[in-house]
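The sequence and structure come first.

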Amino acid sequence: MNSIGMQFALCPSGTFEMGEGQHSHAVTLTKAFHLGLYEVTQEQYEAVMGGNPSFFKGPQNPVEQVSWDEAVEFCSKL
């Protein structure tokens, strides 16, 4: 758990099969990464970014109305 209460799972590097039947193919992750177990709350987003772009306000609601660039910035700051 980090300082703003987010929990993560490690996704290790390696190869796995994606898809089923004839659509199955090998996918290789060359670097391990951490994936958040739960959606980012508005409270967590605001603690990192200093603002809250969400339309449906509530500290424990998931943050929404976030652009790709803002999501990348959030991850970088996190």
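How do the residues of the lining of the largest pocket divide into nonpolar, polar and charged? They divide into 12 nonpolar, two polar and no charged, where Ala, Val, Leu, Ile, Met, Phe, Trp, Tyr, Cys and Pro count as nonpolar, Asp, Glu, Lys and Arg as charged, and the others, Gly among them, as polar.

The model is predicted: local features need pLDDT of at least 70, side-chain atom pairs count only at pLDDT 80 or more, and totals for chains, interfaces and linings use all residues. Residues are numbered from 1 along each chain as its sequence is written, and side-chain values use heavy atoms, with hydrogens and water left out.

**Pocket.** The largest pocket holds about 290 Å³ of space. Met6, Val40, Phe74, Cys75 and Leu78 are the closest to its centre among the 14 lining residues. β4 (33-36) and α2 are the elements that give two or more residues to this lining. A pocket here is an open set of points on a 1 Å grid over the protein atoms alone where a 1.4 Å probe fits, with protein on both sides within 12 Å along at least five of seven lines; lining residues have an atom within 4 Å of a point. The volume is the space filled by probe spheres set on the points. Helices (H or I, at least four residues) and strands (E, at least two) are DSSP runs, numbered from the N terminus.

**Aromatic pairs.** The whole structure contains two aromatic pairs, which require ring centres within 6.5 Å; planes under 30 degrees apart count as stacked, over 60 as edge-to-face and the rest as tilted.

| Pair | Centre distance | Plane angle | Class |
|---|---|---|---|
| Tyr45 and Phe74 | 5.4 Å | 15 degrees | stacked |
| Phe55 and Phe56 | 4.9 Å | 85 degrees | edge-to-face |

Tyr45 lies in α1 (residues 42-49) and Phe74 in α2 (residues 68-77), so their pair ties together parts that are 29 residues apart in sequence. Tyr45 and Phe74 are both buried, whereas Phe55 and Phe56 are both exposed; buried means under 20% relative accessible area, exposed over 50% and partly exposed in between, with a 1.4 Å probe and protein chains only.

**Helix α1.** Its buried residues are Gln42, Gln44, Tyr45, Val48 and Met49. They cover an arc of only 160 degrees around the axis, which puts them on the same side of α1; the arc is that of the directions from the helix axis to the C-beta atoms. These buried residues pack against α2, with contact meaning heavy atoms within 4.5 Å. Just after α1, Gly50 takes a positive phi of about 85 degrees.

Conventions
Rings of Phe, Tyr and Trp (its six-membered ring) pair if their centres lie within 6.5 Å; planes under 30 degrees apart count as stacked, over 60 as edge-to-face and the rest as tilted.
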